[in-house]
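Hello,

I am passing a structure on to you.

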Amino acid sequence: MTWVYLGVAILFEIAFALGTNATKGFTRLVPSVLTLLAAAGGIYMLSLALRQLDVSVGYTIWTGIGGVGTVVLGAIFFKERITAARLISFACIISGAILLRLTAV
């Protein structure tokens, strides 16, 4: 269940990051409320995952995979560019997350 909690936390993290763009500096009510709820949901789900995971593993995977997901969806929804350097960076983040998972006890 730990990894399910972390997976849901990552989805909330991505929603939070993408939602922040839609708030227009937290001047739009509905996107602002949804963004804050996503942030709270992500932190709550992360806290459940951290019952079993070391914070160094859980937090790093949460932010790393959440960051990659945000960049990919940002490219899809907001037409942000994904360059070769970014692709290499994503590969490093994903590789690091996999290594953390494999070494987590």
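Below is what I found, from the whole chain down to single residues.

First, a caution: this is a predicted model.

**Overall**

The protein has four helices and zero strands. Along the sequence the pattern reads α-α-α-α. Its C-alpha atoms fill a box of roughly 45 × 35 × 15 Å along the principal axes. Of the 105 residues, 32% are buried. The accessible surface is about 6,600 Å², and carbon and sulfur atoms hold 72% of that. Now take the contacts with a separation of 6 or more: 66% of them join residues 24 or more positions apart.

**Helix α3**

Helix α3 covers residues 55-78, which is 24 residues. Does its length fit its residue count, or what span should we expect? At 1.5 Å a residue, α3 should span 34 Å. The C-alpha atoms at its ends are 32 Å apart, so the two values agree.

Several residues of α3 are buried, including Val 57, Ile 61, Trp 62, Val 68, Thr 70 and Ala 75. Glycines are on that list too, among them Gly 58, Gly 64, Gly 66, Gly 69 and Gly 74. What do the buried residues of α3 pack against? Their partners are α1 (2-22), α2 (29-49) and α4 (84-103). Just after α3 comes Lys 79, with a positive phi of about 60 degrees.

**The nonpolar core**

The largest nonpolar core has 14 residues. Those touching the most other members are Leu 6, Ala 9, Ile 10, Leu 46, Leu 53, Ile 61 and Trp 62. Helices α1, α2 and α3 each give two or more residues to this core. The largest share, five residues, comes from α1.

Leu 53 deserves a click. Setting aside neighbours within four places in sequence, Leu 53 contacts Thr 2, Trp 3, Leu 6 and Gly 58.

**Thr 23**

Thr 23 is in the loop between α1 and α2. Is Thr 23 buried or exposed? Its relative accessibility is 0%, so Thr 23 counts as buried; the cut-off for buried is under 20%. The side chain of Thr 23 reaches the backbone nitrogen of Phe 26 at 3.1 Å. Beyond its neighbours within four places in sequence, Thr 23 is in contact with Arg 28, Pro 31, Ser 32 and Thr 35.

Best wishes

Definitions and conventions:
Residues are numbered from 1 along each chain as its sequence is written. This is a predicted model: local features need pLDDT of at least 70, side-chain atom pairs count only at pLDDT 80 or more; totals for chains, interfaces and linings use all residues. Side-chain values use heavy atoms; hydrogens and water are left out. The expected span of a helix is 1.5 Å times one less than its number of residues. Buried means under 20% relative accessible area, exposed over 50%, partly exposed in between (1.4 Å probe, protein chains only). Contact means heavy atoms within 4.5 Å. A polar contact is a pair of N or O atoms within 3.5 Å; within protein, one must be able to donate a hydrogen and the other to accept it, and residues adjacent in sequence count only if both atoms are side-chain atoms. A nonpolar core is a set of buried Ala, Val, Leu, Ile, Met, Phe, Trp, Tyr and Cys residues joined through side-chain atoms within 4.5 Å. Accessible areas come from the Shrake-Rupley method with a 1.4 Å probe; for residues, only the protein chains shown count as cover.
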